[in-house]
Amino acid sequence: MASSAAAYLDADENLEAIISRIEQKSRKIETLLKQSKPVEALKTALEGTPLKTRDERCKSANWIVVHRAMMAIRDVDGMFNSLDPEYYDILMKYLYRGLSTGDRPTCDQCLKIHEKLTEKAGLGCILRSLADTINTV
């Protein structure tokens with residue numbers, strides 16, 4: 001328990017550094033999207049997600065970046081041909097965050113991806129993302 005509290009403190013001490021990395025990531029994603037590389041943009045968005053921070057500003061900033069990349073995906077089946085399994089659990093967490101927005105286009109896209117992700121990764125992916133209360137998005 002003490003080690004998880006220490007992890008939160010370490011993450012929270014570097015908020016400006018986290019925001020700066022998210023801004024850099026956002027610029028890179030925009031470049032990838034302009035090059036018509038939405039799957040690469042999504043991979044970039046999911047990499048380095050500040051999971052252990054409690055700061056809502058960091059979480060929201062990263063959600064905006066992931067959301068932008070996720071909404072650019074048109075070929076969901078093709079996405080999973082290129083997306084490594086290491087991204088599945090974190091993607092599932094973001095899908096649930098997207099569904100919680102109540103925004104129709106976001107929810108529609110999240111449900112499409114959720115269906116394919118569940119087929120590809122199985123129910124364990126859902127359980128891991130819901131049971132993990134330390135790494136939040």
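## Threonine 106 and its surroundings

Threonine 106 touches Trp63, His67, Met71, Gly98 and Thr101, leaving out residues up to four places away in sequence (a contact means heavy atoms within 4.5 Å). This is a predicted model, where local features need pLDDT of at least 70 and side-chain atom pairs count only at pLDDT 80 or more, while totals for chains, interfaces and linings use all residues. Residues are numbered from 1 along each chain as its sequence is written, and side-chain values use heavy atoms, with hydrogens and water left out.

**Confidence**

- The protein chain has a mean pLDDT of 89, with 91% of its residues at 70 or more; pLDDT is the predictor's confidence in each residue, from 0 to 100.
- Helices here are DSSP runs (H or I, at least four residues), numbered from the N terminus.
- Over residues 1-9, pLDDT stays under 50, and the model has 5 contacts for this stretch beyond four places in sequence.

- Buried means under 20% relative accessible area, exposed over 50% and partly exposed in between (1.4 Å probe, protein chains only).
- Methionine 71 is 35 residues from threonine 106 in sequence, yet their C-alpha atoms are 7.1 Å apart in space.
- Asparagine 62 sits in helix H4 and is buried too, at 1% relative accessibility.
- Beyond its neighbours within four places in sequence, asparagine 62 is in contact with Ile22, Lys25, Ala45, Thr49, Pro50 and Tyr94.

**The nonpolar core**

- Met79, Phe80 and Leu91 touch the most other members of the largest nonpolar core, which has 37 residues. Such a core is a set of buried Ala, Val, Leu, Ile, Met, Phe, Trp, Tyr and Cys residues joined through side-chain atoms within 4.5 Å.
- H2 (15-34), H3 (38-46), H4, H5 (76-82), H6, H7 and H8 (123-131) each put in at least two residues, with H2 giving the most, 7.
- Leucine 91 has contacts with Leu42, Leu46, Met70, Met79, Phe80, Leu83, Ile113 and Leu117, again setting aside neighbours within four places in sequence.

**Aromatic pairs**

- The whole structure holds 2 aromatic pairs. Rings of Phe, Tyr and Trp (its six-membered ring) pair if their centres lie within 6.5 Å; planes under 30 degrees apart count as stacked, over 60 as edge-to-face and the rest as tilted.
- Tryptophan 63 and tyrosine 94 are stacked, at 6.2 Å centre to centre with 10° between the planes.
- That pair ties together distant parts of the chain, from helix H4 (residues 56-71) to helix H6 (residues 88-101), 31 residues apart. Tryptophan 63 and tyrosine 94 are both buried.
- Phenylalanine 80 and tyrosine 88 make an edge-to-face pair, because their ring centres are 5.8 Å apart and their planes are at 70°. Both of these residues are buried as well.

- H3 is largely enclosed by the rest of the structure, because 7 of its 9 residues are buried. The buried residues of H3 pack against H2, H4, H5 and H6.
- After H3 comes glycine 48, with a positive phi near 65°.
- In H8, Cys125, Ile126 and Ser129 are buried. Down the axis of H8, the buried residues fall within an arc of 100°, so they line one face of the helix; the arc is that of the directions from the helix axis to the C-beta atoms.
- Those buried residues of H8 pack against H6 and H7, while Leu123, Leu127 and Ala131 are exposed on the face turned away.

**Salt bridges**

- There are 9 salt bridges in the whole structure, each a side-chain nitrogen of Lys or Arg within 4 Å of a carboxyl oxygen of Asp or Glu.
- Arginine 68 and glutamate 30 form one, with their closest N and O atoms 3.0 Å apart. This pair links helix H4 to helix H2 across 38 residues.
- Glutamate 56 bridges to lysine 59 at 3.9 Å between the closest N and O atoms; both lie in helix H4, 3 residues apart.
- Arginine 104 and aspartate 108 meet at 3.6 Å, N to O. Arginine 104 is exposed, at 62% relative accessibility, and aspartate 108 is partly exposed, at 33%.
- Glu16, Asp55 and Arg57 are joined in a salt-bridge network.
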